[in-house]
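Please read it with the structure open.

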Amino acid sequence: MTSNALSKFVAKPGHVLVTGGAGFIGSHTVDHLLARGCRVTVIDNLSTGYRANLAQCEGRADFQFIEADITQDLAPVCECAVKRFGAVERIAHFAAQTAVPLSVEDPVMDIQVNLGGTARLLEYARRNGVQKVVFASSSAVYDDDAPVPVSETSTARPASPYGIDKLAGEFFLDYYARYHGVAFTALRFMNVYGPRQDPSSYYSGVISIFLDRAVAGQPITIFDDGEQTRDFVYVTDVADAVATAALSDAGNCAVINIGTGIEVSINRITRTIIELTGSTSQVRHEPPRPGDIRRSVTTMTRAEDLLAFAPQVDLRDGLARTLAWVRGQALANTRRGSAA
Ligand code: UD1
């Protein structure tokens with residue numbers, strides 16, 4: 001759980017609030033923060049997160065879960081956690097409506113949850129002396145006109161309300177840093193994958209869907225010709241970057257792309273998954289998904305310079321680890337089914 005990043009910066013354990021901490025990336029971040037000696041409070045409304053993602057933390061003296069919505073007044077929500085662990089010093093903010101297509105269908109709801117939630121959180125931070133907020137931003141702030149590879153200085157011109165929320169959230173952070181002294185780091189995640197990514201929705205990440213289908217022997221659908229590319233980064237590398245930014249002054253008041261710098265096609269992902277699983281799944285093609293970008297990969301310079309970020313898990317290893325988790329889930333479901 002350590003990385004190159006840790007050696008360069010002094011980590012400061014303390015009380016960290018993780019919004020959306022029962023979700024995919026949030027729950028891994030909780031694991032990393034606890035491993036670094038923090039006291040961790042999670043706020044999650046369980047709309048897309050699961051208590052099971054935090055099963056390993058339950059009962060710990062340094063961990064508290066609060067079921068609450070990010071659009072509520074956070075002071076009363078956090079009161080019991082503050083009594084128990086002291087004032088919140090740092091925040092990792094993941095809680096959001098995360099489906100890009102849903103944001104297109106219902107932009108008003110999307111803005112209320114995502115931008116409204118971020119504004120509420122920053123007000124809590126300002127009023128309660130929180131030192132730093134790490135924000136889960138997204139490569140969705142870039143569109144198809146962005147250069148390949150994309151850097152933080154490339155023009156951000158979102159192609160969805162979700163991307164607009166994330167970009168506007170970054171401006172909110174900048175404003176609170178300049179006028180209210182709340183430091184921040186905004187991490188623009190590329191395509192994150194790994195254990196605990198839920199494959200069950202139309203909006204799920206491609207790797208989680210394909211692994212799930214391959215293990216079940218069900219057909220795999222590639223939209224378009226499969227030559228579109230993404231930069232897939234393993235979730236524990238991402239969680240490590242979040243924890244590093246949250247617990248130190250690294251990346252203060254900066255926007256940083258988090259990926260691997262490696263561009264991989266969906267066809268290649270499919271071949272590797274079929275090979276790793278030995279699956280007999282049929283692969284079929286459907287027309288491109290509306291709004292999909294063709295190529296996506298990041299430069300690494302800023303993440304390396306500011307966070308000493310160096311991904312530790314390569315794609316093949318990450319897929320193998322994710323596959324082991326998917327198989328474990330399938331087995332647990334079978335056992336639950338036969339016990340019922
Ligand atoms: C992802 C993120 C999104 C983030 C965005 C940043 C997920 C679920 N979504 O969207 O939150 O803001 O990056 O750019 O991680 N595909 C198939 N078959 C499928 C599913 C997907 O071929 O069954 C293809 C898609 O058409 C796309 C690629 O796989 O070309 C990746 O899709 P997906 O995993 O949904 O991620 P993004 O659309 O890149």
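A polar contact here is a pair of N or O atoms within 3.5 Å. The model is a predicted one.

**Ligand site**

- The ligand is surrounded by 21 residues. The closest are Ser-138, Val-206, Thr-221, Arg-230 and Asp-292.
- Asn-191 places a polar side-chain atom 3.0 Å from an oxygen atom of the ligand.
- Phe-223 uses its backbone instead: a polar backbone atom is 2.9 Å from a ligand oxygen.
- How much of the ligand's accessible area does the protein cover? On its own the ligand has 730 Å², and the protein covers 87% of that.
- Two elements give two or more residues to the shell: helix H7 (206-216) and strand S8 (220-223).
- The shell has ten nonpolar residues, eight polar ones and three charged ones.

**Helix H7**

- Buried residues of H7 are Ile-207, Ser-208, Ile-209, Phe-210, Leu-211 and Ala-214.
- The buried residues of H7 pack against strands S7, S8 and S10 (232-234). They also pack against helices H9 (266-277) and H11 (315-339).
- Gly-217 follows H7 and has a positive phi, near 70°.

- Does the length of H2 agree or disagree with 1.5 Å a residue? The twelve residues should span 16 Å, and the end C-alpha atoms are 17 Å apart, so the two agree.
- H2 is mostly covered, with eleven of its twelve residues buried. Among them are Phe-24, Ile-25, His-28, Val-30, Asp-31, His-32 and Leu-33.
- Thr-29 sits in H2, which runs over residues 24-35. Is Thr-29 buried or exposed? Its relative accessibility is 0%, so Thr-29 counts as buried; the cut-off is under 20%.
- Beyond its neighbours within four places in sequence, Thr-29 is in contact with Phe-94, Ala-239 and Val-242.
- Gly-37 follows H2, and its phi is positive, near 90°.

**Loop between S7 and H7**

- Gln-197 lies in the loop between S7 and H7. Its relative accessible area is 13%, so Gln-197 is buried.
- The side chain of Gln-197 reaches the backbone oxygen of Val-192 at 3.2 Å.
- Leaving out residues up to four places away in sequence, Gln-197 touches Phe-24, Val-192, Gly-205, Ser-208 and Trp-325. Of these, Phe-24 is a buried residue of H2, and Ser-208 is a buried residue of H7.
- Arg-196 also lies in the loop between S7 and H7. Its phi is positive, near 75°, though Arg-196 is not a glycine.
- Arg-196 counts as buried because its relative accessibility is 16%.

- Glu-89 is in the loop between helix H3 (74-85) and strand S4 (90-93).
- At 26% relative accessibility, Glu-89 is partly exposed, because that class lies between 20% and 50%.
- A polar side-chain atom of Glu-89 lies 2.9 Å from the backbone nitrogen of His-15.
- Which residue lies 42 residues from Glu-89 along the chain, with its C-alpha atom 5.6 Å away? That residue is Gln-131.
- With neighbours within four places in sequence set aside, the contacts of Glu-89 are Gly-14, His-15, Arg-39, Val-130, Gln-131 and Lys-132.

**Backbone points to check**

- Val-148 and Pro-149 are joined by a cis peptide bond, with omega about 0°. Pro-149 is in the loop between strand S5 (132-138) and helix H6 (161-180).
- Ala-308 is not a glycine, yet has a positive phi of about 50°. Ala-308 is placed in the loop between helix H10 (301-307) and H11.
- The relative accessibility of Ala-308 is 17%, so Ala-308 counts as buried.

Methods:
Residues numbered from 1 in each chain as written. Predicted model: local features only at pLDDT ≥ 70, side-chain atom pairs only at ≥ 80, totals over all residues. Heavy atoms only, no water. Near = heavy atom within 4 Å. Polar contact = N/O pair within 3.5 Å; in protein donor to acceptor, adjacent residues only side chain to side chain. Areas by Shrake-Rupley, 256 points an atom, 1.4 Å probe, with all protein chains shown as cover. Helix = DSSP H or I, 4+ residues; strand = E, 2+ residues; numbered from the N terminus. Nonpolar A, V, L, I, M, F, W, Y, C, P; charged D, E, K, R; others polar. Buried < 20%, exposed > 50% of the residue type's maximum accessible area, 1.4 Å probe, protein only. Contact = heavy atoms within 4.5 Å. Expected span 1.5 Å × (residues − 1).
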